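Here is a short report on a two-chain model. Please look over the sequence and the fold before reading on.

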Amino acid sequence: MTSRAKGWDVDTESEDLLKEFVAESAENLSAIEQTLLGLETNRSSKDVDEIFRAIHSVKGAAGFFQLTGIERVGHNAETLLEKIRSNDIPVTADIVDILLRARDTLSDMLFAPDFGNDLDIDELVAELKQAWSGHPDTAQTAPDERRFPANDQAEKALPENDKIENKPKEKNQTGPVSPETGTGLLSNGTEKSTIRIGVDVLDELLELIGEVVLGRNQFLTKYERDKPFQTLSQSITKLHQHVIQIRMQPIGHLFNKYKRTVRDLSRDLGKKIELHIDGGELELDRTILEALSDPLTHLVRNAVDHGIEKPGERSNSGKGILGNLYLRARHESGQILIEVEDDGKGIHPDVIRAKAIEKKLVTEAEAGLLSDKDVIHFIFHPGFSTQEHPTTLSGRGVGMDVVRNNLEKIGCMVDISSKPEKGTLIQARIPLTQAIVNSSVIAGLIINIGSYTLAIPQVAVNEVITLSPDVEMQQIARIKDQEVFKLRDKLIPLVHLEDILEIPRTYISNDGKKSQDRRQSFVDRRLEVPRGEAKKSRNQRTGADRRKDNLIFIVLQFKQNYFGVLVDRIMGKEEIVVKRLPQLIKHRRVFAGSTILGNGKVALILDINGLVEKAALNFSRHQETHHQAARRVMQDDKQQVVVFNYAPEEYFAVPVNLLSEIDKFKIKDVKKVGNREFIQRHGKSMPLLRLDKSLDVSSLEKPKEELIFLVPSRIKYPTGIVGCRIITHIELTENLNTKEADENGIMGTFFHNDELITLLDIFTLLQKFDPKRYHKKLSSNIEQCRILLAEDQIFFRQLIVQYFKSYGIKNITVCKNGKEALHALIAKPDEFDILVSDIEMPVMDGYQLVSTIKTDPRLRDIPAMALTSLNSEENIKKGMDAGFDAYEVKLDKDRVLHRISELYETNKTNPRNA
Amino acid sequence: MKYATFYIADDLFGIPIYLVQEISRQATVDPIPGNDSRIEGLMNLRGRTTAVINLKRCLFKSGITAASTGQRKKMIILETQDGLPQEALDLGLNAGDEPVVLLIDDVFKIIDGELESFYPPPAHVNETYIEGVMKSGEDLISLLSIPKLILGLVTHMEDTNHGS
């Protein structure tokens, strides 16, 4: 700022005064922007007064410093406002426009070198003059522009108490407090005195209070019960909260900025738009608000420019002329949700589809298979702009991908949904963990893993789960190479924290020897007792045994996703002070900082973002849908299928729960033995099944470098079914056409979005592929077997009946629940050889059914087989206890048939049938 | 210039006394997870979390380390750049921006460094961090460069980090 003021002898004192002038004027100017905007719709004399006073004091002080440019603009704006105040000039949009421009110019000049004395302000001054004089004569000789310190007229017109504005020494100054308050604290009559502090002072304060909390924590265990200490402790907590509070600002400050953007833009475009702000009182750390500013500007501009239509267009489509734009902020499940919504024309999925095809992001057929909701997400693709001719307003070479990237940098997750003709909604979610700054105090979960103590920010912890042996372990499954845990309706990827943190896994064998633990999965790691060896009975087990048996998972939240980490022990919850990492470990991105615990120990704080990065946990949309797919299967047993292609235009589907793994492979890694192809998988060779060799389908037109394989689950000899790429996941509706089914491995066909998709019968396929391994060795006259099937779900009924039919079994009676089956059995006990029953059924479940028939002397000799998707040990035991003779898992055709055959054989030798 | 000299295993090392803020008995070091065994862990140094460097693992090539493992007894808390006196700055000494702790086996003595003769660093020591060898009476003292040591630790770790 040195020497910016011309003609002023610059010494330290005046330098300080000048600084004060700039800061104060900037506040004044920024405060009246909102008031000016309000003037247009609601002209209140209070507002005019406020604007007048602000301009007046800027002008006055500028005169004092002999800043002629500022003074001239200020003077003319003041004169105009004076006339508005006396009702000589009505407030029109044009007048507000000029005043806004005057305000902007004043603000620019304030920060320009030489206080804008070289700026060309003649045009603006002329316009202002024209506005207040009513005619365009620039030679107008009215109030002397150079009069010092202020315009007499104006001075007289002011009520007596307003004059204090010019006297900085005056106490209880009623100037606007914060640069962007907008509401103008002047108006409510209460006087608040404020001071300005530098951010660095605040940060220091925060650091110091952090130290205090830390000291308090170390005394905590010792003096916890002392009354004076408790009081002190509470005060410290409060003090800390207050200091934190100072750094926070309401998001309304940011939102209000867009009132101007929306007003100016919509005027330029000839649109009428109202901006609605909701949740402006929600507070965020300044740094986050700063980071949000640019992306939100872009989104607001987009909505005004591309989203909301012109009035004519709106009334044609039956909407109100006034377009609506909403900015909202609120807390939602540990996150801060920010929304930008408009009621404009929305984004038409077909336009995006066409564009995506044009840009070769998808093929036409694939685009057809994608849902409208999925299609919209293409706008986040780099270089993807739907606007044919980008306007100067929003098409500044900045695409939605940049918006998303910028938001993701601060940990935001962005989502978009849009309905044609209805509008567009964009949501950004900020996890609360992002708000952690140095020296701040956060709630942390203190955990043990190996010999290490670590802290996890409480906000990232979704829940803690203790898995006891046996039962719950069944909830862990493997999808692709990722272990997942079924938690209620979610599938949660599990992460080996030891690997991420580079802790060698140790395995303590029964004789106490430590060795490296090479077991890959959590499930394996739990099995400390070798198979076949008896487990210790409950009372023989020591505490250590029990601990080893129980797995403690912490479910962490990352953006919208959850993942689980296994820890050895949870020490408790503590208020921890976040400290910077020492330089020597700063590069370890898995740590967010360090802290000193109440016991004086140093602990590292885990960085959830870093963990995800290091674990390369791919929460990409593809995987999400995969998980969602699997989730739906688990949730309500609706059949979810993976759709893939082989030759470009031929689509195949496989039920998701029949797959254990989908992965890519490179053709160059394929080894050939005669006609057969193999690939390395988990260190073993796995044969590859090409659909064109097993079925009557097209082969690949041109060789590809990379293909995918799908490995069916629950088979003894893993085989990879080769595909070209995964297209989508869909729910299989019940319109499966089984007429197309053939003996070679096609279960049926169905249509999805006008594309024909072939549902594969994996087990038949495999049987044909490798008859030696997937051989039939069934009872010779299995065809004669008469089966009573109890199954409530249509899909499975179809599937199972088809299993049986494929082996020539024709006599199948189908019941929808246990009760129906029981009635059928009681009615004709001699007409069934085998009962095959589902477990989970309405009215009467499988357990009840079997326990009833096993107590009925006429029925108890009929072999009963459970056929279910409940495959936990507990369920099996329960089933066998209830009286089932066999227990098989659905979809494993081979085993099911073998078991049927066995049961049939034994039953034939049964005296009842002899 | 005066040097603080100390034992690591049976070898003597020295650093300028200006770089020593404090020598104390070993306090509790909390281990941190990770592959780099040269970082012993973190300690609570008057409310500040400070990295503790295991000098033995930094200086000796593997093999010898195992043979000469003994109980560590002392630690040297290094001075920070801000804490260096003017004389030290005049001598061109550099320290880190934040405190660092070195684990040593035992303190030997303070030696007035009339640098009579220099020798190349001994072969079994990782010479990257050694500026030279000083002779004091019958004792050979390897002079340790703290900036090189810290730099070596940071850059090497960044390399491994990128590699992983």
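The model is predicted.

**Chain B**

Chain B has 164 residues, and 35% of them are buried. Its secondary structure consists of 4 helices and 11 strands. Take the contacts in chain B between residues at least 6 apart in sequence: 59% of these join residues at least 24 apart.

One hairpin is worth a look. Strands β10(B), residues 130-136, and β11(B), residues 139-144, run antiparallel and are joined by 6 bridges. Within this pairing, B:Lys135 stands opposite B:Leu140 of β11(B). The hairpin has 2 residues between the strands, and B:Gly137 takes a positive phi near 60°.

**Where chain B touches chain A**

The contact draws 20 residues from chain B and 21 residues from chain A. On the chain B side, β4 (39-45), β5 (48-54) and α4 (146-163) each supply at least two residues. Which of the elements gives the most to that side? It is α4(B), with 5 residues. By class, the chain B side divides into 10 nonpolar, 7 polar and 3 charged residues.

**A helix pair in chain A**

Helices α3(A), residues 68-85, and α5(A), residues 122-133, have axes that come within 9 Å. The axes cross at roughly 20°. Angles under 35 degrees count as roughly parallel, and α3(A) and α5(A) are therefore roughly parallel to each other. Their crossing is left-handed.

Which residues of α3(A) meet α5(A)? They are A:Arg72, A:Val73, A:Asn76, A:Ala77, A:Thr79, A:Leu80 and A:Lys83. From α5(A) come A:Leu124, A:Val125, A:Leu128, A:Lys129, A:Ala131 and A:Trp132. This contact has 8 nonpolar, 2 polar and 3 charged residues. As background, an α-helix has 3.6 residues a turn, so residues three or four places apart point the same way.

The two contacts, by residue class:

**Helix α25 of chain A**

Helix α25(A) spans residues 846-855. Its buried residues are A:Gly846, A:Tyr847, A:Leu849, A:Val850, A:Thr852 and A:Ile853. What covers them? The cover includes the chain A strands β32 (787-790), β34 (834-837) and β35 (864-868). Helices α24 (818-827) and α26 (873-882) of chain A are also among the covering elements.

Definitions and conventions:
Residues are numbered from 1 along each chain as its sequence is written. Chains are lettered from A and ligands numbered from 1 in the order in which they are written. This is a predicted model: local features need pLDDT of at least 70, side-chain atom pairs count only at pLDDT 80 or more; totals for chains, interfaces and linings use all residues. Two residues are in contact if their C-beta atoms, placed from the backbone, lie within 7 Å. Ala, Val, Leu, Ile, Met, Phe, Trp, Tyr, Cys and Pro count as nonpolar, Asp, Glu, Lys and Arg as charged, and the others, Gly among them, as polar. A residue is buried if 20 or more other C-beta atoms lie within 10 Å of its own, exposed if 12 or fewer, and partly exposed in between; C-beta atoms are placed from the backbone. Axes are lines fitted to C-alpha atoms, for helices over the stretch in contact, and angles run from 0 to 180 degrees between N-to-C directions. Angles under 35 degrees count as roughly parallel, over 145 as roughly antiparallel, 65 to 115 as roughly perpendicular and the rest as oblique. A crossing is left-handed if the near helix is turned anticlockwise from the far one by less than a right angle, and right-handed if clockwise. Two strands pair if DSSP finds at least two bridges between them.
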